[in-house]
Amino acid sequence: LYHAKRSGRGRVVVYTREMEEAAKRVTRIEQALRRAVSAGEVEPHFQPIVDLNSRRTIGFETLARWTDRDLGVVPPSVFIPIAEERGIIGPLSQLVLRKATEAARSWPKDLFLSFNLSPSQLVDQNTGLHILAILERTGFDPRRLEIEITETGLMNDPASAEKIVEDLRRVGIRVSLDDFGTGQSSLGRLREFHFDKLKIDRAFVSSILDDRPSEHIIRAILAMCEGLGMDVVAEGIEDEAQADRLVQFGCAGGQGYLFGKPADADATLGYLRDSYRGALHAKAI
Ligand code: C2E
Ligand code: CA
Ligand code: CA
């Protein structure tokens with residue numbers, strides 16, 4: 001069941017067959033991903049974010065999608081952590097942002113685009129420069145871009161993260177705090193760091209109807225956002241009853257399968273054409 005190998009530093013390491021198989025699989029995904037990124041094969045998909053009262057779409061979150069010839073569809077929950085760990089997240093992220101801003105350029109001008117940044121990108125001082133260079137090249141207005149970061153992303157090196165965020169903010173990019181309420185939440189962070197928006201994690205939304213603590217936590221988060229002047233979006237809304245309850249609590253923004261699943265650039269443009277048909281904005285697309 002076990003076998004031993006000498007590591008690079010000469011230490012003897014004991015592996016199980018399962019560990020060995022898992023390591024091989026990660027390496028296979030890493031190699032396929034490197035190839036896909038150089039070939040430009042990772043695609044942005046877009047999920048609508050709506051105003052919960054009017055149900056109008058106010059923006060879209062960019063979510064990376066990758067289908068490999070041999071491996072098939074690999075979900076971001078698998079390839080993003082591997083990209084981070086193996087140093088591919090920078091080029092991957094630049095590819096997806098370039099394609100996303102090229103697609104979003106032809107959307108109505110009042111819609112924003114949000115984009116996820118990984119923790120390791122917030123310790124790399126080139127991140128800001130790369131983002132600005134892409135916006136310059138694609139001609140996308142930085143005031144329409146939001147970056148989503150998690151608290152984990154701020155913990156590694158808060159000073160470095162702050163500097164990157166400040167550089168982006170200077171040109172009008174907004175910053176939102178993703179997955180709020182999970183992981184290493186610290187309310188202290190909200191004092192030190194100004195966020196334009198907070199995204200309430202899906203875990204609270206999915207249990208809002210059957211669990212009193214979730215309800216109270218959501219209400220407390222909404223009150224806090226109001227006091228701190230932050231916009232708020234509830235994530236993972238899947239049914240009308242959840243949406244109704246959130247509206248009742250005064251939550252302004254929502255995202256989830258109820259309003260739309262992530263879709264590719266063409267489908268998103270089609271969706272916008274349909275929902276804006278006959279509306280004042282029709283000229284814009
Ligand atoms: P996230 O940033 O929290 O993104 C939201 C995730 O929830 C997405 O999963 C989305 O498809 C899913 N989702 C949206 N609405 C619903 C719903 O109503 N019900 C349920 N069950 N799920 C919903 P996805 O696309 O699989 O992405 C997973 C994570 O991978 C993202 O979580 C984000 O952390 C990361 N990710 C995706 N694309 C990128 C990227 O381009 N860059 C980076 N750094 N991370 C990315
Ligand atoms: Ca996100
Ligand atoms: Ca999230």
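This note goes through a predicted model point by point: its metal site, its nonpolar core and some of its salt bridges.

1. Basis. Residues are numbered from 1 along each chain as its sequence is written, chains are lettered from A and ligands numbered from 1 in the order in which they are written. Because the model is predicted, local features need pLDDT of at least 70 and side-chain atom pairs count only at pLDDT 80 or more, while totals for chains, interfaces and linings use all residues; side-chain values use heavy atoms, without hydrogens or water.

2. Calcium site. The calcium ion (ligand 2) has Glu61 (OE), Asn116 (OD1), Glu148 (OE) and Asp178 (OD) as its protein donors, 2.1 to 2.4 Å away. Donors are N, O and S atoms within 2.8 Å of the metal (3.2 Å for Na, K and Ca); water is not among the atoms, so sites may look incomplete. Along the chain these donors of ligand 2 have the spacing E-x54-N-x31-E-x29-D.

3. The calcium ion (ligand 3) lies 3.8 Å from the calcium ion (ligand 2), and Asp178 coordinates both. Glu148 is in strand S7 (residues 145-149) and Asp178 in strand S8 (residues 174-180), 30 residues apart. Helices (H or I, at least four residues) and strands (E, at least two) are DSSP runs, numbered from the N terminus. Glu148 is buried at 2% relative accessibility, and Asp178 is buried at 7%. Buried means under 20% relative accessible area, exposed over 50%, and partly exposed in between (1.4 Å probe, protein chains only).

4. Core. The largest nonpolar core holds 71 residues, and Leu33, Trp66 and Phe195 are among those with the most contacts inside it. Helix H3 (residues 89-104) contributes the most to this core, eight residues. Such a core is a set of buried Ala, Val, Leu, Ile, Met, Phe, Trp, Tyr and Cys residues joined through side-chain atoms within 4.5 Å.

5. The whole structure contains 20 salt bridges, each a side-chain nitrogen of Lys or Arg within 4 Å of a carboxyl oxygen of Asp or Glu. One of them joins Glu43 and Lys99 at 2.7 Å, N to O. Glu43 sits in strand S3 (residues 43-51) and Lys99 in helix H3, 56 residues apart. Glu43 is partly exposed at 36%, whereas Lys99 is buried at 17%.

6. Arg169. A salt bridge of 3.7 Å, N to O, connects Arg169 with Glu166; both lie in helix H6 (residues 158-170), three residues apart. Arg169 also pairs with Asp196, at 2.9 Å, N to O. Asp196 is in the loop between helix H7 (187-192) and strand S9 (197-200), so this pair ties together parts 27 residues apart in sequence.
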